[in-house]
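Please read it alongside the sequence and the coordinates.

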Amino acid sequence: MKSFFESERGRLFSERALLALLVLLTAIFQNTRGALPVFGNARAMPLVVLVAVLGLFERSLAGLFFGALAGALWDMASADTDGFFTLLLCVFGFLSGILSSFVLRNNIFSALLLSGASAALCLLFHWLGFVYVKGYDPSAALLLGNYLPSFIYTVLFTFIYYYLVRGLRNALRKPKRFV
């Protein structure tokens, strides 16, 4: 008799638990001051990239839940976001999964496209909601001086997370034997 972890459901559970642990470690890594280098005013947001890549590999519903987990962890570490990142990363994970199911193929170019679009929209919505609407005077200068370099820095994490998630999935999936 097979144990739970030898069955298909157990393998899927193990894989998703490991990916959830990756989300948790990335959230700790992103939200710990000094863990990631800061280049000028550019700060990386690897959770956005990770959610886009997980949606690409895991499809829509799992992408939604991984986005909810990543966003909730990010919102807990942020001061005034009030669920902003949870909602945004849920949508990004879900859309990434839907697009990979019906439109895109699972390759590095699709990952770059999805993570770039997710990072650009996340930074743009953050700038609109937390800088421009509040009426800060140099809001255009902040967009070009802080948010644009952060976008470039964030998208560079796509290569790391795409190959990490792909390697984890390949390592956890046993090849089927034909007997």
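**A salt-bridge network**

1. Arg11, Glu15, Arg16, Glu58 and Arg169 are linked in a network of salt bridges, a salt bridge being a side-chain nitrogen of Lys or Arg within 4 Å of a carboxyl oxygen of Asp or Glu. This is a predicted model, in which local features need pLDDT of at least 70 and side-chain atom pairs count only at pLDDT 80 or more, while totals for chains, interfaces and linings use all residues. Residues are numbered from 1 along each chain as its sequence is written, and side-chain values use heavy atoms, with hydrogens and water left out.

2. Arg11 and Glu15 form a salt bridge with an N to O distance of 2.7 Å; being four residues apart in helix H1, they are separated by about one helical turn. Helices here are DSSP runs (H or I, at least four residues), numbered from the N terminus.

3. Glu15 also forms a salt bridge with Arg169, with the closest N and O atoms 3.5 Å apart. Because Glu15 lies in helix H1 and Arg169 in helix H7 (residues 157-172), this pair ties together parts that are 154 residues apart in sequence. Glu15 counts as buried at 1% relative accessibility, and Arg169 does so at 13%, where buried means under 20% relative accessible area, exposed over 50% and partly exposed in between (1.4 Å probe, protein chains only).

4. Glu58 forms a salt bridge with Arg16, the closest N and O atoms lying 2.8 Å apart; Glu58 belongs to helix H2 (residues 46-58) and Arg16 to helix H1, so the pair ties together parts 42 residues apart in sequence. Glu58 is buried at 5% relative accessibility, whereas Arg16 is partly exposed at 31%.

How values were computed
Helices (H or I, at least four residues) and strands (E, at least two) are DSSP runs, numbered from the N terminus.
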